[in-house]
Amino acid sequence: MRYQHILLEPIEAGVVRLTINRPKVLNALNRATLEEIDQALDLLEANKNTRLLLITGAGDKAFVAGADIEEMRQLNSLEAKAFSAFGLGVLRRLENATFPVIALVNGFALGGGCELAMSCDLILASDNSKFGQPEINLGIPPGFGGSQRLTRLVGRPMTLELLYTGRILGAEEAQRFGLVNHIFPQESLMTKGMEMALDIVSKSRTSLQLIKQLVQRGQDLPLDNACIMESDQFGLSFSSPDQTEGMAAFLEKRAPNFN
Ligand code: CO8
């Protein structure tokens, strides 16, 4: 598959890196880029060897500086709604992916870029990264889920402050608010991301899938229903070879060997 706006590279052990590759416009998301991400997800989901996806931006300045303002400014209302719906669908696919997804935020993650990062399971950030939803300054509200995902991640008062003011957070502040898992020097972000990716893919694949489903789907369910879902998944895991191997390995005092 040939892409114009992204790079899709298998790294090792089923870890794949997707790079948004429009550095001249700070990796802004136009429709074509979102379509390529969508196509890449088709490919990754169809490939049984996909174990984990890393998402980052090309260059050392930006992860993604938002949706492409030049392209967006020309949209009418219905087209803007359609663009928003398409973007929301692509980001939702990351949350529902059958493999873990890690954002390596290597600079600006603004507007659609912050929304893209928030759709990933974990956010590892470089020390020069910046997060925010500055749409208010363009006379629009967020359109790729920012008003909803930010509320779930950092709570309502901080979300409203960030959306009302468009204030940009540095990496440390973003971490304090619970948006960022870890901060690394820019030059070691990729290595650290890969270290974490390899650690995760060494674990039970079945359990990773069950955990992702439980956390992503459970958070929007009433607690009782979410706990029933956990119970069901827990029970289901007892028919997996990984449960047999994991428990045997513990009792035999050796490292588990998950397939
Ligand atoms: N879209 C298009 N082009 C962009 C974008 C963008 N989001 N961000 C930067 N660029 C371009 C600049 O226009 C510039 O191009 P050129 O060299 O041709 O002039 C180039 O990238 C470099 O940018 P700057 O010169 O501005 O670099 P600075 O270091 O001075 O500033 C900033 C960096 C602070 C990141 C600045 O570029 C900026 O503020 N960018 C816009 C950030 C923003 O507002 N993002 C939110 C966009 S709206 C959005 O994401 C909504 C998502 C939901 C959409 C729903 C569909 C309807």
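Predicted model: local features only at pLDDT ≥ 70, side-chain atom pairs only at ≥ 80, totals over all residues.

Me: Which domains does the domain assignment of the chain give?

Reply: Domain bounds come from an automatic or database domain assignment. Here the assignment gives domain 1 (6–201) and domain 2 (205–251). The contact between them takes 15 residues from domain 1 and seven residues from domain 2, where contact means heavy atoms within 4.5 Å. The centres of the two domains, taken over C-alpha atoms, are separated by 27 Å.

Me: What area is buried between domain 1 and domain 2?

Reply: Buried area is the accessible area (1.4 Å probe) that two parts lose on being put together, summed over both. For domain 1 and domain 2 this is about 910 Å², of which carbon and sulfur atoms give 36%. On the side of domain 1, Arg51, Glu95 and Arg152 lose the most area to domain 2, together 40% of what that side buries.

Me: How many salt bridges are counted between domain 1 and domain 2?

Reply: A salt bridge is a side-chain nitrogen of Lys or Arg within 4 Å of a carboxyl oxygen of Asp or Glu. The count between the two domains is two. The side chains of Asp121 and Lys212 meet in a salt bridge, with 3.1 Å from N to O.

Me: Which residues come nearest to the ligand?

Reply: A residue is near a molecule if one of its heavy atoms lies within 4 Å of it. Of the 24 residues around the ligand, Lys61, Ala65, Ala67, Ile69 and Gly112 come nearest. A polar backbone atom of Ala67 is 2.7 Å from an oxygen atom of the ligand, and a polar backbone atom of Ile69 is 2.9 Å from a ligand nitrogen atom. For Gly112, a polar backbone atom is 2.7 Å from an oxygen atom of the ligand.

Technical notes:
Residues numbered from 1 in each chain as written. Heavy atoms only, no water. Polar contact = N/O pair within 3.5 Å; in protein donor to acceptor, adjacent residues only side chain to side chain.
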